[in-house]
Amino acid sequence: MSDPNCLFCKIVQGTIPSKKVYEDEDVLAFHDIRPVAPVHFLIIPKEHVPTMYEVGMAHHRALGKMLALAGELAKKEGATDGFRAIINTGRVGHQEVYHVHMHVIGGPHSLGPMILKQK
């Protein structure tokens, strides 16, 4: 199922172009258009699921595949000494596109601390 107004659903359908990293029947991985590191791509389920709040056991194949592919694809893209896998959820989690997606971010340099501690 897809959402006709969803940016990522349009990428899955091919109506919006992307620079693909990987694709199969369940997931699509493509480069982020605003990378924050030398390696920055997204892995998404092809089925439209707005947020992690709506994820259920019916989605385990696609979400499991997203996690299983992250390391292999990160290494292939050049993140050979570590990477981050991030899924932002909801307003407080700074989710910008309401279609579940995992950012895979890495490169040859340190990414710095994950979250700055509040004093």
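## A polar contact at Thr51

A polar contact is a pair of N or O atoms within 3.5 Å; within protein, one of the two must be able to donate a hydrogen and the other to accept it, and residues adjacent in sequence count only if both atoms are side-chain atoms. Here's one to look for: the side chains of Thr51 and Glu54 are joined by a polar contact of 2.5 Å.

Before we go on, a word on what you're looking at. This is a predicted model, where local features need pLDDT of at least 70, side-chain atom pairs count only at pLDDT 80 or more, and totals for chains, interfaces and linings use all residues. Residues are numbered from 1 along each chain as its sequence is written, and side-chain values use heavy atoms, with hydrogens and water left out.

Back to Thr51. You'll find Thr51 in the loop between strand S3 (39-45) and helix H2 (60-77). Those labels come from DSSP runs, numbered from the N terminus: helices are H or I runs of at least four residues, and strands are E runs of at least two. Is Thr51 buried or exposed? Thr51 has 7% relative accessibility, so it counts as buried; the cut-offs are under 20% relative accessible area for buried, over 50% for exposed, and partly exposed in between (1.4 Å probe, protein chains only). If we skip the neighbours within four places in sequence, Thr51 is in contact (heavy atoms within 4.5 Å) with Thr89, Gln95, Tyr98 and Val100.

## Strands side by side

Next, follow strand S1 (residues 20-23) into strand S2 (residues 27-31). A hairpin of 3 residues links S1 to S2, and the two strands run antiparallel, joined by 3 bridges. Strands are said to pair if DSSP finds at least two bridges between them. S2 also pairs with S3, again in the antiparallel sense, over 5 bridges.

Ala29 is a handy residue for tracing this. On one side, Ala29 of S2 is the bridge partner of Tyr22; for S3, the bridge partner of Ala29 is Ile43. S2 is mostly covered, too, with 4 of its 5 residues buried.

## Two histidines in one loop

His94 sits in the loop between strand S4 (83-86) and strand S5 (102-106), and His101 is in the loop between S4 and S5 as well. Which of these is out in the open? His94 is exposed, with a relative accessible area of 61%, while His101 is buried at 6%. The backbone at His94 has something to check as well: phi is near 65 degrees, a positive value in a residue other than glycine.

A polar atom of the His101 side chain lies 2.7 Å from the backbone oxygen of His99. Leaving out neighbours within four places in sequence, the contacts of His101 include Phe8, Leu42, Ile86 and Gln95.

## Helix H1 and a pair of cysteines

Ile11 belongs to helix H1, and it is buried, with a relative accessible area of 8%. Beyond four places in sequence, Ile11 touches Ile16, Ser18, Leu28 and Phe30.

Cys6 is in none, as the nearest cysteine sulfur, that of Cys9, is 3.8 Å away. Cys6 is buried, with a relative accessible area of 6%, and Cys9 is buried at 1%.

## The largest pocket

Rolling a probe the size of a water molecule over the atoms shows where empty space is left. On a 1 Å grid over the protein atoms alone, a pocket is an open set of points where a 1.4 Å probe fits, with protein on both sides within 12 Å along at least five of seven lines; lining residues have an atom within 4 Å of a point. Grid points are joined across faces, edges and corners, and a volume is the space filled by probe spheres set on the points.

The largest pocket holds about 780 Å³ of space. Of its 27 lining residues, the closest to the centre are Asp32, His40, Asn88, Glu96 and His103. H1 (7-13), S2, S3, S4 and S5 each give two or more residues to the lining, and H1 has the largest share, with 3 residues.

Definitions and conventions
A disulfide is a pair of cysteine sulfur atoms within 2.5 Å.
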